[in-house]
Every structure is written in C-alpha cells, then in structure tokens.
Amino acid sequence: MAITKSRHLVVPALAVVAAALSACMVGPNYKQPTVETTPTFKELQGWKSAAPSDALDRGDWWTLFNDPVLNGLEAKVAVSNQNLAAAEAAYRNAHAMVAENRAALFPTVDLDANANATSGTSTNVGTPGTGSGGTGTTTTTTVSRSTVQHYAVTVGATWAPDIWGKVRRAIEGAKANAQASAADVANAKLSAQTELATDYLQLRADDEQIRLLQTTADAYQRTLTVTKNRYAQGVAAKSDVLTAQTTLLNAQAQTEQTVQARATLEHAIAVLAGEPPAALAIAPLAKFDPTIPAIPVMVPSELLERRPDVASAERQAKNANAQIGVQTAAYYPTITLTPSLGFASSSLSKLFSSNAFTWTLGGDATQILFDGGLRKARVAEARATYDQNVAVYRQTVLTAFQQVEDALAAGKYLEQQQSFRAQASTAADENEKIVLNQYRAGQASATDVVTAENTALAARINLVTTEQSQLTATVSLIEALGGGWKTSELPKS
C-alpha cells in the first residue's frame with residue numbers, strides 16, 4: 001500500500017512541475033512587420049469600377065468574361081494542372097511537419113515484457129574422516145539441480161519537457177510554414193488560371209486576326225485580278241501586277257504566321273489544363289466580340305489580405321521569427337525525465353499482484369559549457385534570416401502595389417487607345433475604298449492602292465490587338481488584386 005500511495009503522489013507532482021517549467025518560452029514574440037500604404041491607388045482616378053464591389057469574391061472570376069469555353073477550361077486547372085498538384089503536395093508535406101513537431105511535446109512510451117529461466121547444479125564435497133587406527137572414509141554429497149524463473153512487464157517513458165519553449169517555437173514556425181505553403185498553393189492556382197485566361201484571350205484575338213487576314217487576302221486577290229485585266233488591256237504596267245502579287249503573298253504569309261502563333265497558344269492552354277496538346281482542340285469563333293468587364297478595386301491596404309504571395313511572404317517572416325526562439329533555447333539546459341512502472345515476479349501467476357509492482361523515476365540534465373561560439377552564431381543566423389524575410393515581405397507588398405497601378409493605368413489608357421484605333425480603322429477602310437475606285441478609273445497608281453490597303457490592314461489588326469490588350473490588362477488587374485482569394489482561407493493549424 002505504501003508503494004501505491006507513493007505512485008499516486010509522484011505522477012501528479014511530475015505533471016505540476018512540468019506545467020510550471022513549460023510556462024517559459026524564450027525568443028521574441030512575433031509581430032507582423034509594418035508596411036507603408038497609401039489611402040488609394042494613384043491610377044484609380046478615371047477607372048470604371050464594378051458594382052457591387054464583391055464581384056471578385058465569388059472565386060470564379062473568369063466568368064466575368066462571359067465565355068463558356070473559357071469557363072470549361074478554367075474548371076480543369078484546379079483538377080489537372082500538374083504545377084498546382086506539386087504545390088498542393090508541398091502543402092501536405094508542410095502540414096505533416098506541424099504534427100511532427102507537435103509530437104515532441106509528449107513523452108515517448110514503450111512496453112517491455114520478458115521472461116527468462118536460469119538452471120544450475122550445486123555440489124558439496126565432504127572431507128576425509130578419521131577413526132581408530134588412523135583410517136576413515138571420504139564423503140561426497142551432490143546437491144540438487146535447480147531452475148530459477150523470472151517474469152517482468154514494464155512500461156517506460158522518455159520525456160524532455162519543453163521548459164524553454166524550443167518545441168513550441170518549432171511548432172509555431174511549422175504552422176507559419178504550412179500557412180505559407182497553403183498561400184503558395186493559392187498563388188500557383190491563381191497564376192495558372194490567369195495564364196490560361198491570357199493565352200485563351202490571345203488565341204481569340206488571333207482567330208480574329210486570321211479572319212481579317214483571310215478577308216483581306218480575298219480582297220487583294222480581287223485587286224490582283226483587276227490589275228491583270230488592266231495589264232492585258234495595256235492600261236497597267238507589269239510592275240503593277242508584281243506589286244499586287246507581292247501584297248497578296250505578304251498577306252498570305254502573315255496569315256500562316258498567325259495560324260502558327262494560335263497553334264502554340266492552343267498547346268500551352270492544353271498543358272495548363274493538364275492535358276496533352278493532341279487531346280485539345282479549340283474551334284475558332286466566327287466573330288471576336290469580347291466582353292471587357294469592369295473590375296472592383298479595393299484600397300491598397302486590402303492587398304495584404306487579398307494577395308496569396310503577400311500572405312506567403314508574411315508567414316515566412318513569422319516562421320523565421322520562431323526559429324530565433326528555437327536557436328535561443330540551445331543556451332539553456334536540456335532536462336530529460338525517464339519514469340517507468342512495472343511488475344516483476346518469479347511466479348507468472350503472481351506477476352500482476354500488488355507485491356510485484358515496481359516503479360522508478362530517473363532524470364538527467366545536460367548543459368553545453370563551451371561550443372566555440374556555435375550557439376551564438378546560430379542565433380545570429382536566425383535573426384539575419386528573419387530580417388531577410390521581412391525585407392522580402394515588404395518588397396512583395398511594394399511589387400503588389402506596382403502591379404495594381406500598372407494594370408489600372410493600362411486599362412484606363414488602353415480604353416482611350418481603343419477609341420482612337422476604332423476611328424483610325426474606319427477612316428483607313430474608307431480611304432481604301434476610295435483609292436481602289438480611283439485606281440479602277442485610272443486616277444490612282446498601283447502604289448497608292450498598295451499603300452491604302454496596307455494602311456487599312458494595319459489599322460484593323462491594331463484595333464484587334466488593342467482590344468486584346470484591354471482583356472489582358474483586365475486579367476492582370478484581377479491577378480494583381482489576388483483574384484477572389486482572402487487570407488481568411490488559410491488553415492488555422
């Protein structure tokens with residue numbers, strides 16, 4: 001009973017001592033690094049913002065372009081994109097590291113059971129006896145052969161209480177690293193989605209350019225026919241025919257070049273969607289009629305909540321801060337407790353009786369007295385790493401601000417360019433018609449015709465290119481604003 005009472009007193013006492021010792025945690029507590037923000041974006045003035053302002057919070061931001069084909073392709077990114085799959089696997093790895101570090105808070109418990117038997121022979125040899133006449137007998141006595149049995153069952157533990165917070169700092173860092181990895185997944189997803197959208201919209205612009213070039217080549221073919229007829233009638237020079245042929249062949253070559261560019265984009269889209277290029281074919285549209293959506297723009301400070309790359313950089317700074325505590329804890333002694341409880345008996349039937357119960361409590365403490373400055377160097381290294389991560393975080397924020405400003409400026413000024421391009425294209429088309437009629441009437445030269453045709457074609461292509469640039473700028477703005485992501489989506493543990 002005395003042993004049992006002692007056992008009940010020792011175990012709670014250990015728990016109280018461990019809790020008291022574990023209250024200390026060395027190293028700096030983390031505070032999110034400050035960054036300078038402005039009340040609004042410089043290029044926001046004159047920007048057409050969407051209403052309601054939560055349009056991006058739906059997540060599927062690409063639906064703003066009202067393109068069913070784009071919607072279907074974007075849906076494949078989250079499922080089949082291999083870069084995204086790699087980022088997701090990296091997150092699971094980081095999440096497992098949290099559990100691995102947390103396990104160090106608890107003791108390692110093992111069970112040991114053994115049974116053994118020892119056999120031996122004991123012999124007693126007598127001394128010669130004496131009697132009358134000086135004679136006697138020698139007696140030899142052989143004692144029995146015996147077997148000793150021993151049984152034992154012991155539960156032991158090894159526990160290093162987290163007195164200085166080294167393990168808790170490691171857990172804190174692992175959590176921050178896992179959250180950074182989760183933000184990396186979101187960033188990889190957003191990057192793949194925006195790249196696919198950009199490639200797709202460029203492909204649609206190429207479709208329109210191909211249509212324009214083919215229509216123009218047909219017109220050039222008609223001009224060549226007219227020129228040949230005029231040459232046959234003796235009212236046009238051979239050089240007029242050659243000039244018309246050159247113009248037609250250049251338009252045909254430009255068409256093939258654009259077809260090649262379209263094919264390359266289609267291949268890239270297939271890979272982004274997680275498919276081999278041969279498995280994906282995107283049919284051309286009859287007409288390029290893009291929807292350029294208005295995008296809601298928040299204040300600059302909200303980027304810290306909306307950009308996954310900013311969130312990742314901030315979490316990496318927290319992880320680096322936690323490592324300072326991990327390295328600082330090396331200055332303090334390491335205490336290890338090794339309690340054990342068990343039963344030992346020479347009789348298997350009495351093994352688990354109260355009289356057979358045993359317990360031990362051991363412990364040791366180790367302290368490094370000299371390491372040639374190793375611990376000091378590691379703490380300095382951890383602090384430098386933290387400073388580096390803070391600088392990276394602040395630079396990431398500045399880059400985010402720049403990307404938003406660039407996209408806002410592009411969208412605003414491209415809208416003005418598109419208006420000018422449309423007017424220029426209309427004027428060039430009208431001039432082309434006038435010069436062609438003059439040429440048929442003999443009032444203009446073949447050079448005038450070629451100049452007018454090339455100018456009109458360039459104006460049409462410039463208009464399409466500007467519209468495509470508007471769409472790309474819109475996608476860039478959505479990406480710069482973080483898509484529909486928020487830091488509240490980060491895992492808590």
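Helix α8 is followed by Gly442, whose phi is positive, near 80 degrees; helices here are DSSP runs of H or I with at least four residues and strands are E runs of at least two, numbered from the N terminus. The model is predicted, so that local features require pLDDT of at least 70 and side-chain atom pairs pLDDT 80 or more, whereas totals for chains, interfaces and linings use all residues. Residues are numbered from 1 along each chain as its sequence is written, and side-chain values use heavy atoms, with hydrogens and water left out. Helix α8 itself comprises 67 residues (374-440) and, at 1.5 Å a residue, should span 99 Å, the expected span being 1.5 Å times one less than the number of residues. The C-alpha atoms at the ends of α8 are 91 Å apart, which agrees with that expectation.

The protein contains nine helices and four strands, arranged from the N terminus in the order α-α-α-β-β-α-α-α-α-β-β-α-α. Of its 493 residues, 39% are buried, where buried denotes under 20% relative accessible area, exposed over 50% and partly exposed the range in between (1.4 Å probe, protein chains only). Among contacts with a separation of 6 or more, 84% involve residues 24 or more positions apart; a contact requires heavy atoms within 4.5 Å. Gly484, in the segment after α9 (446-480), has its C-alpha atom 6.8 Å from that of Trp61, 423 residues away along the chain. With a relative accessibility of 17%, Gly484 counts as buried.

Salt bridges, defined by a side-chain nitrogen of Lys or Arg within 4 Å of a carboxyl oxygen of Asp or Glu, number 15. One of them joins the side chains of Glu43 and Lys412 at 3.3 Å, N to O. Glu43 lies in the loop between α1 (2-21) and α2 (68-80) and Lys412 in helix α8, so the pair ties together parts 369 residues apart in sequence. Both Glu43 and Lys412 are buried. A salt bridge at 2.8 Å, N to O, links Arg168 with Asp162; Arg168 is partly exposed at 23% relative accessible area, while Asp162 is buried at 7%. Arg315 and Glu314 likewise meet in a salt bridge, at 2.8 Å, N to O. In this pair Arg315 is buried, with a relative accessible area of 13%, and Glu314 is buried, with 8%.

The structure holds one cavity of 30 Å³ or more. A cavity is a set of points on a 1 Å grid over the protein atoms alone where a 1.4 Å probe fits but cannot get out, and lining residues have an atom within 4 Å of a point. Grid points are joined across faces, edges and corners, and the volume is the space filled by probe spheres set on the points.

Note on methods: 1 Å grid on protein atoms, 1.4 Å probe; cavity = no way out; pocket = protein on both sides within 12 Å on 5 of 7 lines; lining within 4 Å.
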